[in-house]
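Please load the model alongside the text.

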Amino acid sequence: SLRLPGLSDSPFFFFLIHLLFLFQYQDKEEVVLWMNTVGPYHNRQETYKYFSLPFCVGSKKSISHYHETLGEALQGVELEFSGLDIKFKDDVMPATYCEIDLDKEKRDAFVYAIKNHYWYQMYIDDLPIWGIVGEADENGEDYYLWTYKKLEIGFNGNRIVDVNLTSEGKVKLVPNTKIQMSYSVKWKKSDVKFEDRFDKYLDPSFFQHRIHWFSIFNSFMMVIFLVGLVSMILMRTLRKDYARYSKEEEMDDMDRDLGDEYGWKQVHGDVFRPSSHPLIFSSLIGSGCQIFAVSLIVIIVAMIEDLYTERGSMLSTAIFVYAATSPVNGYFGGSLYARQGGRRWIKQMFIGAFLIPAMVCGTAFFINFIAIYYHASRAIPFGTMVAVCCICFFVILPLNLVGTILGRNLSGQPNFPCRVNAVPRPIPEKKWFMEPAVIVCLGGILPFGSIFIEMYFIFTSFWAYKIYYVYGFMMLVLVILCIVTVCVTIVCTYFLLNAEDYRWQWTSFLSAASTAIYVYMYSFYYYFFKTKMYGLFQTSFYFGYMAVFSTALGIMCGAIGYMGTSAFVRKIYTNVKID
């Protein structure tokens with residue numbers, strides 16, 4: 001046999017060999033049936049260990065060790081060996097693998113599970129299988145347990161490509177009796193290619209429905225209309241503004257004093273004044289830019305690679321990409337803080353680096369207490385918490401520091417087209433609908449309108465039993481959201497500046513970020529009218545993580561709106577002559 005000195009004994013060599021032969025079997029080789037979780041059908045996230053119900057274990061004990069990934073640990077994957085003896089291409093006739101000694105306590109546990117429509121999940125060769133625990137009779141007086149697992153496994157060459165489970169053997173639950181659990185395995189040749197084996201779990205009729213296509217088309221038409229409208233209004237209005245300001249340049253001082261001075265030119269000495277609370281503001285902008293970068297990269301990766309085929313891979317990818325894109329946060333947040341004259345840049349860097357992780361971890365920590373109380377599999381282990389903290393302190397923070405230093409040195413100089421006056425100009429009174437608070441409330445309606453249909457599909461894939469796979473749709477929606485957000489914030493800012501109110505930084509950010517309020521309000525509608533969730537754990541999990549999702553979306557939209565508006569403001573004040 002060929003041996004490479006130093007390489008053959010290394011872990012990396014064995015890792016490569018493992019990847020090379022992953023999912024390939026020899027005849028009679030052991031195939032592992034993993035028992036994952038069990039829980040109520042209507043509460044997808046409320047899951048418990050399979051053997052938290054008094055199921056019995058098969059007789060086979062020896063099994064190679066299973067290593068879970070970070071994404072699996074965070075998602076509550078609890079794989080336990082079933083004890084069933086299954087070998088590749090080796091049929092098993094119906095056989096009893098264990099016996100349940102059903103006392104009153106065990107019967108009550110099964111009855112509770114059946115009343116709450118519990119079902120369980122198993123894995124063979126990373127292919128998920130679902131089965132229901134039992135059922136009640138029509139009167140709800142007698143309860144029955146499914147005791148026979150009939151497995152049909154399809155193979156193509158030396159690989160498993162299909163698994164089906166049929167639950168049979170309905171046995172009435174009577175205290176102080178013995179219930180025999182049995183199984184059988186039937187192997188059959190299949191024409192399904194290994195690369196296509198997950199296609200049966202997808203739902204094209206749902207995700208590629210005409211409504212989905214129509215919503216994309218509708219949003220796209222909204223973008224064309226908005227961009228055209230904004231371009232027409234701003235080009236015509238700005239042309240008139242420039243003509244008026246040019247005419248004023250030709251007037252003598254007496255005529256200029258007698259003329260009516262109004263419009264956005266009058267605030268040229270204050271428009272580039274630093275925003276209030278620049279430390280928080282720049283941290284939010286930096287975090288929003290990072291969330292946008294993460295969203296873009298993860299969607300592109302998901303379009304190229306089928307991340308849904310591996311447990312926890314989407315979450316693991318998102319965590320890795322978030323950590324890797326930390327310099328983006330530092331660069332944009334640090335450079336903006338420097339341009340606004342901020343001096344406490346180290347404090348800004350810490351706040352920018354830990355703003356999103358603190359929000360996510362704080363919510364997870366709160367929900368974790370409830371999960372521990374319920375003994376749910378979603379309870380995050382202490383080791384996983386330590387791993388996440390290490391990522392924050394030893395990966396995210398140093399990379400954020402690198403980005404902050406680069407941002408301060410490369411684009412931290414305040415090169416504004418207009419000089420900032422020493423004394424702030426008083427803001428005149430204006431109509432109620434021109435107040436920043438009103439603009440902020442109205443600013444999020446159109447961006448939300450462009451994405452709310454897609455929100456339904458995303459919510460359904462996360463909170464119900466659908467696998468989201470149409471990431472091309474998601475990419476289109478992200479592009480549409482960016483364009484609509486920028487257009488809306490530019491119009492809002494133009495009206496605000498025309499009313500001689502120079503507080504455009506926070507207004508542009510918050511008017512775009514208010515999209516989050518409408519998304520969170522929609523999540524209430526979705527919870528009460530589109531799901532049948534119940535219980536403290538599932539409700540707190542739903543509204544807790546929907547708050548995190550909505551806030552992150554709001555910060556991203558706010559950053560996009562501010563960046564687009566900032567370019568617009570800089571452009572119009574560069575093109576006008578200022579004394």
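## Cavity

The lining of the largest cavity consists of Leu 33, Met 35, Tyr 50, Phe 51, Cys 56, Ser 82, Leu 84, Tyr 97 and Lys 149. A cavity is a set of points, on a 1 Å grid over the protein atoms alone, where a 1.4 Å probe fits but cannot get out; lining residues have an atom within 4 Å of a point. By class, seven of these residues are nonpolar, one is polar and one is charged. Its volume is about 40 Å³. The search of the whole structure finds one cavity of 30 Å³ or more.

This is a predicted model: local features need pLDDT of at least 70, side-chain atom pairs count only at pLDDT 80 or more, and totals for chains, interfaces and linings use all residues. Residues are numbered from 1 along each chain as its sequence is written, and side-chain values use heavy atoms, without hydrogens and water.

## Strand β5

Strand β5 spans residues 118–124.

β5 runs antiparallel to β1 (residues 33–40), with six bridges. Met 35 has Met 122 in β5 as its bridge partner. β6 (residues 127–132) also pairs antiparallel with β5, over six bridges. There, Trp 119 stands opposite Ile 132. Two residues separate the strands of the β5–β6 hairpin, where Asp 125 has a positive phi near 55°.

## Thr 147

Thr 147 sits in strand β8 (residues 143–156). Thr 147 is buried, at 4% relative accessible area.

Terms used: Helices (H or I, at least four residues) and strands (E, at least two) are DSSP runs, numbered from the N terminus. Buried means under 20% relative accessible area, exposed over 50%, partly exposed in between (1.4 Å probe, protein chains only). Two strands pair if DSSP finds at least two bridges between them. On a 1 Å grid over the protein atoms alone, a cavity is a set of points where a 1.4 Å probe fits but cannot get out, and a pocket is an open set with protein on both sides within 12 Å along at least five of seven lines; lining residues have an atom within 4 Å of a point. Grid points are joined across faces, edges and corners, and a volume is the space filled by probe spheres set on the points. Ala, Val, Leu, Ile, Met, Phe, Trp, Tyr, Cys and Pro count as nonpolar, Asp, Glu, Lys and Arg as charged, and the others, Gly among them, as polar.
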